[in-house]
Amino acid sequence: MGSTFFRLRAHNAYLPNPALTAPFAPPKMVSLFGRQDLQIMPMPKSWITHAVRSSFAFGVLSLIVAAQSLPSATPIPPRIAANSNRAAAGKLENGVLTLHLEMRQADWYPEADTGPSMKVYAFGEEGKPPQVPAPLIRVPQGTQIHVTLHNFLPTNAIVHGLHQHPGEIADVVLVPAGEIREVRFSTGAIGTYQYWASAGGEMFGGRPFKEDSQLAGAFIIDSPGGAPADRVFVIGMWRSQADPTRSQDVGVINGKSWPYNEQLTYAAGEPVRWRWINVSDRTHPMHLHGSYYRVDSGGDGERDQIFEPAQQQMVVTRVLGPGASMSTFWKPVAGRWIFHCHLVAHFLPEMSLANALVAQPERLHEHGANHMAGLVTGITVTGERDPIPSHGRRRKLRLLVHERPAGKGALPKFGYQIEESHKLTPTDLRDANPTLLLERSRPVEIEVVNQLHEPTAVHWHGIELESYYDGVAGWGMGGSSVTPSIPPGGSFRVRFTPPRSGTFIYHTHMNDEVQLFGGLYGPLIVLDPGARWDASTDHIFIFSREGGTELSAERLLNGSAEPPPVVWRKGQAHRLRLMNISPNNPAVISLLGPTGLLQWRAVAKDGADLPSGQAVMQGARQLIWNGETYDFEYATQQPGSLRLEVENGPAAPVRWKIVQPIKIE
């Protein structure tokens, strides 16, 4: 028979049963898995019949072991330690990992170690402080794993993920308050997984989000040859209430919030491998500034798909849903960069523990360094930047940042104009922001002129450039100079040479809750040398949201809630450039004809052309998250009417839809 493990399956949990009324025999001491301190109560035959079953498909025997609570051998300090996920937990010997885990309530300091704290539940190794995230389980494939779970919490805990992988979410261990359970299993498939628990707290989408939201950690199964040189990062979040539009959140990476979390340092060009695991109940579009990273695998906590080279994708933004994971490869470029969730609500400076502990009307607006907090990682890359091939004279233009006058409908209150050769685009300040058209490999200098009454900055989203010009005030660097914010009435010259053609975005990176909500964004298109942009076949669709609350704000497509009809030529290949720069809203974008959903061909993601194996025909519907861009191609055949629909999902608290009419002539 295969390895034996002890667990309680969700569909086989103890429930009150009038047939199970036989009295217990007195408890007795036994030796179990080398431990002499477990008290096992003999069970009557009817209980054994109800609780013990054999799983012949896997060759394992599932048992339930009940034990009385035991005192901890070592006093545990009440403070939770941040876990950098550098050291694996437990003792690995002769192909067996032995790990004794405890669940406790303790004080959590997600910001400074001397800052404010809150009480949460956390895992810890026996005799050691609890950790957020939970202790790292990392073993070679084929390892036999033996875990004891001691629940010191005042409520029952249901533990997920401590089983062979691939697995099922229903395969859980119930650990009653004050008791111990033991689990034995073999690893299963190589990959990036997680284990987590719920312990009586509120749930959203099947995940805890409050006092038990930090009961989660990484579970990595390496190849038998050993662990690669990589880092493991766990994204966690504490939220004050289920409704995301009203919740006060505390987001952490490996247990700490920006700028108190670990800041990374690499040498230019060295291979960097990361594993990112989202144990929170919220989705996170993870965006890298200044260069692309490659996605090598993607998982859901129970299964992990390691991509073949033809399936790998180069991105600047990758979406991690609740419970999702990814492994990545990055060749770092010299400079100072950030990697962050692109939901504005998850990196606002107000995303602090102080705000989480007060009612929303009393929110504190203490803007810390870089106007960010929460789910942000800072990265310093030493060395020199490789030169980018260039041609032609440096093009010069000005980007004017201004306040919009009132009128012309419900438009945002900020906007951009481009000035080049003494010509302004647009001429009317109330019009939508201009498209910035650049040429691949041609140097450009853009003087950003701030005509607002507050500081601003501009981020060139997806563009590979020097970090000094990337638009992150107080963090980006060039030599010894730190990227400044642009004061009212001031200006800042940005210089770069775009190395690739594609679809990008320019937008504010300062006081985003006001400035991005207020309209400071625009499309940035890089064309091949000598190419001209043909608006009759090359179409930009940028989705955004006008200021206001999540429930009351108006959604916009190309600056309009009701875009006017557009005309496409028949018999032509049309390129659709889709962009989402809304603060916090994903959107589903669909192209439909008289008979329903059409077909289009995928062309690019985040400005990077797709490899041939991914540039395929597919149903013309795409979920697009904040900070993502997608390019598709559609060939028109006959005259008629189409429509591009932009909408949210059926589970949203407020439904909305934008319809772009299209006439084919």
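Q: What does the accessible surface of the protein come to, and what share belongs to carbon and sulfur atoms?
A: About 26,900 Å² in this predicted model. Carbon and sulfur atoms hold 54% of that.

Q: And how many of the residues are buried, as a percentage?
A: 55% of the 665 residues in the protein.

Q: How many helices and strands?
A: The protein has 3 helices and 55 strands.

Q: What about contact range? Which share joins residues at least 24 apart?
A: 74%, taken among contacts between residues at least 6 apart in sequence.

Q: Let's pick a strand. How many residues of β24 are buried?
A: 5 of its 5. Strand β24 covers residues 284–288.

Q: Which way do the side chains of β24 point?
A: His 284, Met 286 and Leu 288 point one way. Pro 285 and His 287 point the other way. Both sets are buried.

Q: Which strands does β24 pair with?
A: One is β28, residues 317–320, joined to β24 by 4 bridges and running antiparallel. Another is β30, residues 335–341, also antiparallel, over 3 bridges.

Q: What stands opposite His 287 in β28?
A: Thr 317.

Q: And in β30?
A: His 340 stands opposite His 287 there.

Q: Switching to aromatics. How many pairs are there?
A: The count comes to 22 aromatic pairs.

Q: Take Tyr 468 and Phe 492. Why is that pair edge-to-face?
A: Their ring planes stand at 70 degrees, and edge-to-face means over 60, so the pair qualifies. The ring centres are 5.5 Å apart.

Q: Where do the two residues sit?
A: Tyr 468 is in the loop between β37 (458–461) and β38 (477–478). Phe 492 is in strand β40, residues 491–496. The pair is 24 residues apart and links distant parts of the chain.

Q: Is Phe 492 buried or exposed?
A: Buried, because its relative accessible area is 12% and the cut-off is under 20%.

Q: How are the rings of Tyr 469 and Phe 492 arranged?
A: The centres are 6.1 Å apart and the planes are at 45 degrees, so this pair is tilted. Tyr 469 lies in the loop between β37 and β38, so its pairing with Phe 492 ties together parts that are 23 residues apart in sequence.

Q: Tyr 469: buried or exposed?
A: Buried, at 11% relative accessibility.

Q: Which residues do ring pairs link into a cluster?
A: Phe 233, Tyr 266, Trp 274, Trp 276, Tyr 293, Trp 330 and Phe 339.

Q: Now charges over rings. What does Arg 79 sit over?
A: The ring of Tyr 109, with the charged end 3.8 Å from the ring centre.

Q: And Arg 207?
A: Its charged end sits over the ring of Trp 196, 4.2 Å from the centre.

Q: Last one, Arg 395. Where is it?
A: In strand β32, residues 395–403.

Q: Which side chain makes a polar contact with the Arg 395 side chain?
A: That of Glu 420, at 2.8 Å.

Q: What else does Arg 395 touch, beyond four places away in sequence?
A: Besides Glu 420, it touches Leu 437, Leu 438, Arg 442, Pro 443, Val 444 and Glu 445.

Technical notes: Residues are numbered from 1 along each chain as its sequence is written. This is a predicted model: local features need pLDDT of at least 70, side-chain atom pairs count only at pLDDT 80 or more; totals for chains, interfaces and linings use all residues. Side-chain values use heavy atoms; hydrogens and water are left out. Buried means under 20% relative accessible area, exposed over 50%, partly exposed in between (1.4 Å probe, protein chains only). Contact means heavy atoms within 4.5 Å. Accessible areas come from the Shrake-Rupley method with a 1.4 Å probe; for residues, only the protein chains shown count as cover. A polar contact is a pair of N or O atoms within 3.5 Å; within protein, one must be able to donate a hydrogen and the other to accept it, and residues adjacent in sequence count only if both atoms are side-chain atoms. Rings of Phe, Tyr and Trp (its six-membered ring) pair if their centres lie within 6.5 Å; planes under 30 degrees apart count as stacked, over 60 as edge-to-face and the rest as tilted. A charge sits over a ring if NZ of Lys or CZ of Arg is within 6 Å of the ring centre and within 35 degrees of the ring normal. Two strands pair if DSSP finds at least two bridges between them.
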